[in-house]
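Biologist: Please take me through this model one term at a time, and set each value against the definition behind it.

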Amino acid sequence: MTSHQAAVRTASPRKVLTAGRRVALPVRRVSVLTALVLFVLLVAGAVAALSLGRLGIPLPELAGALTGGAEGKNAFVIERLRGPRLVVAVGTGGALGLSGALFQSVTRNPLGSPDVIGLASGAGAGAAIAALLFPATVPVALGALLGAVLAMLLVHVSTGTGFRNPARLVIAGIGVAAIGTAITQYIVYAMERDRAAVLTAYVNGSLSARSWDDATTIWLVLLAVAPLTALIARRLDIGEMGDDIAGALGAEPRRTKTVAVVLAIVLSAGAVSVAGPIAFVSLTAPQIAKRITRVSGPHLVLSALTGALLLVFADLCAQQLPLFDNLPVGICTMAVGGVYLGYLLVREWRRGVL
């Protein structure tokens, strides 16, 4: 057996689930067990989100309320107050986690995420412009989506190679992110205090006052992107071995990277349109999934589940923390992201990299 064959065998998953000739999903036993644990934790978080607090549904009544037997206060909580918010949190967290996994697989960088390439900052700038210049005509969510799209177009043009070169992508993204942040900060500074307060909550990422329309939007994005992600999952897994081997095995690394980045942007833009630019979920979820399993690979499904779990529990903290009222969920995820970045810096320092 040649060294090339040995490398392929070592990096290959234990099993590949196929659907036709185009879909091949790498599966490992540890990944399946981890997915089950994450799903159970996600269900527990959902139950806590619906039952805790003054307006929470008592546990003995929760099953009946979820199966259509809700009345009075319970019906209001399920249908208007917490039900849509929970469904949006799960969908948004899943979209961000999957987006981060795609982007980190392409860049092969634990600090890689759509946040880094300016998508979140562009969304914040778009939201700020919509709120200041077109308050009665352009919804803040639409402004955020347009800002995210414009930021990605600027990154695409400024790299000179589109989304194919990860190094140029990150460098251009940092520049676009700085521009977007500067625009947002100026507008927040210049606006009246009451309007700035509303905008600040959105720019930090918020799940309050979400509707079933928002839930429909993010889940449609997920359902549209998931099959396309499945089509490139095997190629991304092979790409972990490097571009040369991936090219030799027919994985078309350049095209795969471009498709992965575009799908990551679509997922992040969908999340931004319903919840604002929630930071660090796309950055941390893939790394948590990878460290739990301790095996190589993009971990697409696990990253989506981890992202959903992170956002559900972050929103639970935002709702139930006694010292704050209507705390934007993005502030909670920033705290988690700050701890994660600190951990990375300490680890790299101990390894002598820094």
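Modeller: Helix α2 (residues 29–51) and helix α14 (residues 300–320) pack at an angle of about 20°, and their axes lie 9 Å apart. The axes here are lines fitted to C-alpha atoms, for helices over the stretch in contact, and the angles run from 0 to 180 degrees between N-to-C directions. This is a predicted model, in which local features need pLDDT of at least 70 and side-chain atom pairs count only at pLDDT 80 or more, while totals for chains, interfaces and linings use all residues. Residues are numbered from 1 along each chain as its sequence is written, and side-chain values use heavy atoms, with hydrogens and water left out.

Biologist: Why is α2 called roughly parallel to α14?

Modeller: Angles under 35 degrees count as roughly parallel, over 145 as roughly antiparallel, 65 to 115 as roughly perpendicular and the rest as oblique. The angle of α2 with α14 is about 20°, and that makes the two helices roughly parallel.

Biologist: Which residues of α2 and α14 meet?

Modeller: On the α2 side they are S31, T34, A35, L38, L41, L42, G45, A46, A48 and A49, and on the α14 side L302, L305, T306, A308, L309, V312, F313 and L316, where contact means heavy atoms within 4.5 Å. These residues divide into 14 nonpolar, four polar and no charged, with Ala, Val, Leu, Ile, Met, Phe, Trp, Tyr, Cys and Pro counted as nonpolar, Asp, Glu, Lys and Arg as charged, and the others, Gly among them, as polar.

Biologist: Is F313 buried, partly exposed or exposed, and how do you know?

Modeller: Buried means under 20% relative accessible area, exposed means over 50%, and partly exposed is in between, with a 1.4 Å probe and protein chains only. F313, which is placed in helix α14, has 35% relative accessibility and therefore counts as partly exposed. Leaving aside residues up to four places away in sequence, F313 touches L41 and G45, and its C-alpha is 9.0 Å from that of A48, although F313 and A48 are 265 residues apart in sequence.

Biologist: What makes L310 partly exposed?

Modeller: L310, also in helix α14, has a relative accessible area of 23%, so it is called partly exposed. Not counting residues up to four places away in sequence, L310 touches T284, A285 and I288.

Biologist: How are α2 and α5 oriented to each other, and how do you know?

Modeller: Helix α5 (residues 83–107) packs with α2 at an angle of about 155°, with the axes 10 Å apart, and the two are therefore roughly antiparallel to each other. Here the crossing is right-handed. The contact is formed by L42, A46, A49 and L50 of α2 with G83, L86 and V90 of α5, and its residues divide into six nonpolar, one polar and no charged.

Biologist: Why are α5 and α10 called roughly parallel?

Modeller: The axes of α5 and helix α10 (residues 212–239) come within 9 Å and cross at roughly 25°, and the two helices are therefore roughly parallel to each other. The crossing of α5 past α10 is left-handed. The residues of this contact divide into 14 nonpolar, six polar and one charged.

Biologist: What makes I171 exposed?

Modeller: I171 lies in helix α8 (residues 166–190), and its relative accessible area is 62%, so I171 is classed as exposed.

Biologist: How do you know that H299 is buried?

Modeller: H299 has a relative accessible area of 8%, so it is called buried. H299 sits in the loop between α13 and α14, and its phi is near 55°, a positive value in a residue other than glycine. Most residues other than glycine have a negative phi. F280, which is not a glycine either, has a positive phi of about 75° and is found in the loop between α12 (253–275) and α13 (281–293).

Biologist: What percentage of the 354 residues is buried in the protein?

Modeller: Buried residues make up 49% of them. The protein has 15 helices and two strands, where helices (H or I, at least four residues) and strands (E, at least two) are DSSP runs numbered from the N terminus.

Technical notes:
Left-handed = near helix turned anticlockwise from the far one by under 90°.
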